[in-house]
Structure formats: C-alpha cells, structure tokens
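Open the model in your viewer and keep the selection panel at hand. The stops below go from the whole chain to single residues.

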Amino acid sequence: MSFGHRVGPRGRSGNPNAEPDVRVAELFSSLTSVLCVGAHPDDIEIGSGATLRVMRRAQPALDMRWLVLTSTPERASEAHVSAGRYLGDANLATVLSFRDGHLPYDEPAAVKAALIAHRRGFVPDLVLAPSLRDAHQDHRFVGELVGQVYRDQVVLHYETAKYEGDLGTANVYVPASEEDVRRKIDDLLAAYPSQVTKPWFEESLFRGLMRLRGVEAKATSGYAEAFHAPKLIVS
Ligand SMILES: [Zn+2]
C-alpha cells in the first residue's frame with residue numbers, strides 16, 4: 001500500500017502554530033481488498049457508508065466484503081439487502097447469528113474463531129471495524145478482536161453515536177460529498193425498517209455526526225466520516 005502524502009508545514013490556515021495538514025492522496029486508489037466488520041447489521045453503514053462509496057469510486061475493482069457477527073433472521077435479511085447496495089452482490093456479505101447484546105459473554109471463543117475462519121478465505125489490505133473505545137460492549141469486543149486477528153492489515157475503527165456518549169478524538173477523516181451523505185442516509189432508512197422506530201435512527205443524527213466531523217476535517221462539503229487508526233506503517 002502506498003501513501004502519496006504531503007505535509008503542509010504551517011497548516012492550511014497559514015498559522016505557524018497550527019497542526020500540519022497531512023493529506024493521504026492515494027490510499028484508497030491503491031487498495032485491492034477491504035473487509036468491513038460489524039457487530040450488528042447497520043454498524044458498517046452507519047460508521048462508514050459514505051467512505052465506502054469514496055473507496056469504490058477511487059478503486060472500482062475493489063474487492064469489498066462484509067462480515068456481520070450478530071443478527072436475527074429479520075435483521076440478517078435487512079443486512080443482505082443493504083450489502084447488495086454497497087457490494088453489488090449480497091453474497092459477499094457474511095452475516096452470522098451470534099446474540100445481539102451478549103458478544104463478550106456468549107461464546108467469545110466462537111466469535112474469534114469466526115473472524116479467523118473468515119481470514120482464511122479472504123485476506124484484505126484494509127479492515128474497517130468498530131471503535132476500540134466504543135461504549136457498547138458488542139462493538140468494543142469486535143473492534144478488539146479485529147486488532148488481534150488482522151495484525152498484517154491497516155485497521156481503521158469507525159464510530160457510531162449512542163446513548164452512552166463515547167465520541168472521542170478521531171485521527172483519520174474521509175470527507176464526503178452531499179451526494180454521498182444523502183445516499184448513505186437514504187439507504188440506511190430504506191434497508192433497515194426494523195430500526196426506524198428507534199429515536200436515534202434518523203437523518204438528523206447521521207447527518208449531524210458527519211457535519212461535526214466535517215468541521216474537524218475542514219471538508220469542502222461540510223461533511224466527513226471519522227475513524228481512529230491505532231497504528232499506521234508507512235513504507
Ligand atoms: Zn451496533
């Protein structure tokens with residue numbers, strides 16, 4: 001993976017005391033394969049739905065797969081519908097049926113084994129996974145497992161808003177166009193009818209978080225998705 005980057009010595013503000021801008025220009029176009037891991041159906045899209053579209057445009061031949069650890073039959077069906085929109089083939093999404101809300105306690109070894117088994121069949125360049133600092137135990141557990149299983153990959157941890165209020169400081173931003181923001185939200189609302197009764201599963205929440213991160217990223221569109229990268233090796 002090559003990183004075509006430039007570092008602005010004084011930041012775009014011209015303020016010599018500002019943090020330097022670091023723009024990674026060629027990361028996505030150099031990717032050949034990406035694995036997106038979610039604890040629940042809808043996690044991947046909420047955390048990285050716009051980014052997945054940016055990636056796809058940068059590298060149309062990108063081999064993208066999804067692995068979702070928990071589901072019910074209803075939610076698995078919804079996840080496959082959503083995956084089809086992003087992947088073009090719903091069969092590229094593996095949706096397992098571990099119990100929502102109980103991942104660290106129900107069958108933890110089996111969950112890790114499922115990740116290891118998936119890695120045997122698909123070795124990606126990049127893995128997207130839930131945040132290591134996520135207050136939801138299912139998300140956090142999956143994020144930790146990904147770091148253990150995918151040691152030779154770049155891992156970017158995405159974020160999701162929630163009751164517990166766990167948003168931290170991101171260190172990777174992907175600016176998103178208004179069109180990408182719109183399609184992410186429309187697809188989420190259409191693909192997951194089982195979730196629309198939840199008070200947070202609505203446009204203003206999804207758009208609001210991307211707007212906040214867009215300010216931090218100085219995104220021209222005003223919107224961005226944010227990630228945390230625990231480690232990047234540049235070569
Ligand atoms: Zn979730």
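A residue counts as buried if 20 or more other C-beta atoms lie within 10 Å of its own, as exposed if 12 or fewer do, and as partly exposed in between, with C-beta atoms placed from the backbone. By that rule, buried residues are 40% of the 235 residues in the protein chain. This is a predicted model, in which local features need pLDDT of at least 70 and side-chain atom pairs count only at pLDDT 80 or more, while totals for chains, interfaces and linings use all residues. Residue numbers start from 1 along each chain as its sequence is written.

**The whole chain**

Switch to a cartoon view. The protein chain has six helices and nine strands; these are DSSP runs numbered from the N terminus, helices (H or I) of at least four residues and strands (E) of at least two. Two residues are in contact if their C-beta atoms, placed from the backbone, lie within 7 Å. Of the contacts with a separation of 6 or more, 71% join residues 24 or more positions apart.

**The sheet**

Next, select the strands of the open sheet, which number seven and follow the order E5-E4-E3-E6-E7-E9-E8 with mixed pairing. Two strands pair if DSSP finds at least two bridges between them. E5 (93-98) and E8 are the edge strands, each with a single partner strand, so one side of each has no neighbour in the sheet. On average, neighbouring strands here are turned by 25 degrees against each other, direction ignored.

Now zoom in on E8 (residues 172-176). Is this strand largely enclosed or open? Four of its five residues are buried, so E8 is largely enclosed by the rest of the structure. E8 pairs with E9 (residues 223-228) in the antiparallel sense over five bridges. Show two of its residues: Val-172 stands opposite Phe-227 in E9, and Tyr-173 has Ala-226 in E9 as its bridge partner.

**Helices on the sheet**

Select H6, which lies across E8 and E9 and runs at about 80 degrees to E9. Then select H2 (residues 73-87), which lies across E4 (63-70) and E5 and runs at about 160 degrees to E5. Axes are lines fitted to C-alpha atoms, for helices over the stretch in contact, and angles run from 0 to 180 degrees between N-to-C directions.

**A helix pair**

Select H3 (residues 108-121) and H4 (residues 137-149). Their axes come within 10 Å and cross at roughly 45 degrees. H3 and H4 are therefore oblique to each other; angles under 35 degrees count as roughly parallel, over 145 as roughly antiparallel, 65 to 115 as roughly perpendicular and the rest as oblique. Show side chains where they touch: Val-111, Lys-112, Leu-115, Ile-116 and Arg-119 in H3 meet Leu-145, Val-146 and Val-149 in H4.

**Two loop residues**

Most residues other than glycine have a negative phi. Which values do the last two stops have? Asp-42, not a glycine, has a positive phi of about 90 degrees. Asp-42 sits in the loop between E3 (33-38) and H1 (43-58) and is buried, with 22 other C-beta atoms within 10 Å. Lys-218, also not a glycine, has a positive phi of about 55 degrees. Lys-218 is in the loop between H6 (203-216) and E9 and is partly exposed, with 14 other C-beta atoms within 10 Å.
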